[in-house]
Amino acid sequence: MEQPAGGRRPRLVSSLAFGQRAWEVTLEWEPGLLSWRDPQPPRGRDGGNYFVPASEIIVVEETEIDEKQCSSGKWQKMGKPHAFTVYYMKRAQKHRWRCSEVTFSCVDEQLCNQWIQALKELLELQKSRPKQLLVYINPYGGKRQGKRIYEQKVAPLFSLASISTDVIITEHANHAKDNLLEVNIYKYDGIVCVGGDGMFSEVMHGLIGRIQKDSGIDQNNPKAPLVQCNIRIGIIPAGSTDCICYATVGVTDPVTSALHIIVGDSQPLDVSSIHHNNTFLKYFVSLLGYGFYGDILKDSEKKRWMGTIRYDFSGFKTFLSHHYYEGTVSFLPAKQTLGSPRDKKKCRTGCYICRQSKQQPEEQQKNYGLEHNDEGGEDWKVIKGKFLAINAVNMSCACPRSPKGLSPAAHLADGSIDLILVRKCSRFNFLRYLVRHTNQDDQFDFTFVEVYRVKKFQFTSKHLEDSVIDVKDVGKKRFGQFCRDHPACCCNLSNSIWNCDGETLDSSTIEVRVHCQLMKLFARGIEENSNDEAIYNQSTAEQLL
């Protein structure tokens, strides 16, 4: 044991057996790092260094050496070995994580126990890790594999990490939402939903509603500052679409998501509220789409018997229909937010733009009275026109079919919405726009596409404009430019519906506001691409075993 200067806890350094060779193993208390290296690698092989941050160690356990290994010549000479196994998170390809393990051994029982105790003490310092979770499983979502996925892939990992769980199999729509309004949520360190985006939305609505209810906040007041939810939500993907999981982790893989939960990752997330005439309608965290995406959802809901292929069928049908909708969009630009929708600065782990927005929720609380009274003086902009699609996104909305998403530079927690307006155009031009979601070209580089980063927006269908719209001083302070688009040959319908995170919302007049970092997920955002072997050299280590 080496004693560093400055009174810090000494690091632990020992020569331990790893496979059939002796390795130098080191435990650094600051910054918390387990590393091991081969001081004398075999000829022709690069020994390298292998390390795992303490934050990515799952558990350490005492291990029994099997009889075959004990009877080998080495151990017959040295005596009965004592061993311990370290289970840790290992990065694999395409943002996947896997549970890996490494076993060290020695003949000194006291030294072995010292290592076990030191590693356990180091893990106890990881205060963000959950100990007790409330789990909701949707057995009907996607391919009806939620229960099997949890029992076979997730539950064993939770058991390994000594996480206790209360599991509820949902039996009907809004089961989880209603249950969250009654259960004692404060005894849990987090809530896990096993299912798709619909299941997540249900849990999110239940949790946010419960927190606001307990805090005395009226959700029907569109200007009320909502109380942040500090109870994290974990998503185990098992649905038809898992857009939210993909956009916050980088992959829809149950094991990866389970490991993010186990190590206690925390990713703040913006949530937007939707109101109509001072009545709360819904929250959304990914997509709120009117026109094209609303029509797809409306048609696909009638074809659930087709399974997931219904989205392709309804999408093709909606594209051929080529309906446009006329109305007015008014919005408040997000002037205080860093970045823009076209700056190509993607939101990644440790995002600087999201970190800079961290203080916004507190400022919103302080400025509540000012914002409530002086909203009429804010610099609102207005656009009138005929639209094929109106999309509002809180995140990139990336998915396997569209790796860039609807807005590649949208951020998870910067307190803004990217508002995308696709004006009436020809089918060919609209197809060009859709195709660019699947390649590297700029999907906003069209004359009929506009994108704005906003804090709030309102939409009113033209058919309801004269009787329903209630905006102060129209044409004086809030309304700036008025834009109209060029004519094209397509069918005009009265109203579409809203696609709200994959759920239908039938209201042609809405008011939307983003709430900065209202909730937290068991995630860390999408990591930059990295080669696992370059970090841990694990493949080389396994060759030496």
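Guide: Axes here are lines fitted to C-alpha atoms, for helices over the stretch in contact, with angles running from 0 to 180 degrees between N-to-C directions. This is a predicted model, where local features need pLDDT of at least 70 and side-chain atom pairs pLDDT 80 or more, while totals for chains, interfaces and linings use all residues. Residues are numbered from 1 along each chain as its sequence is written, and side-chain values use heavy atoms, without hydrogens or water.

Visitor: Happy to be here! At roughly what angle do the axes of helix 4 and helix 8 cross?
Guide: Helices (H or I, at least four residues) and strands (E, at least two) are DSSP runs numbered from the N terminus. Helix 4 spans residues 146-160 and helix 8 spans residues 254-262. Helix 4 is therefore roughly parallel to helix 8 (the class for angles under 35 degrees; over 145 is roughly antiparallel, 65 to 115 roughly perpendicular, the rest oblique). Their axes come within 10 Å, and the crossing angle is roughly 30°.

Visitor: Which residues of helix 8 make that contact?
Guide: Contact means heavy atoms within 4.5 Å. Helix 4 brings I149, K153, V154, L157 and F158. Facing them from helix 8 are P254, V255, A258, L259, I261 and I262.

Visitor: How is helix 9 oriented relative to helix 10?
Guide: Helix 9 (residues 292-300) packs on helix 10 (residues 309-321) at about 130°, with the axes 8 Å apart. That angle is why the orientation of helix 9 to helix 10 is called oblique.

Visitor: What is the bridge partner of T85 in strand 7?
Guide: Strand 6 (residues 82-91) and strand 7 (residues 97-106) pair in the antiparallel sense over 10 bridges, where pairing takes at least two DSSP bridges. The two strands form a hairpin with five residues between them, and K94 in the turn has a positive phi of about 55°. Across from T85, the partner is T103.

Visitor: How far apart are the ring centres of W36 and Y50?
Guide: Rings of Phe, Tyr and Trp (its six-membered ring) pair if their centres lie within 6.5 Å; planes under 30 degrees apart are stacked, over 60 edge-to-face, the rest tilted. The count comes to 22 aromatic pairs. W36 is in strand 3 (residues 33-37) and Y50 in strand 4 (residues 49-53), so this pair ties together parts 14 residues apart in sequence. Their planes lie at 15°, so the pair is stacked, and the centres are separated by 6.0 Å.

Visitor: What is omega of the cis peptide bond joining E30 and P31?
Guide: P31 sits in the loop between strand 2 (21-28) and strand 3. For its cis bond with E30, omega is about 15°.

Visitor: Where is H322 found?
Guide: H322 is a residue other than glycine with a positive phi, near 55°. Its place is the loop between helix 10 and strand 15 (325-333).
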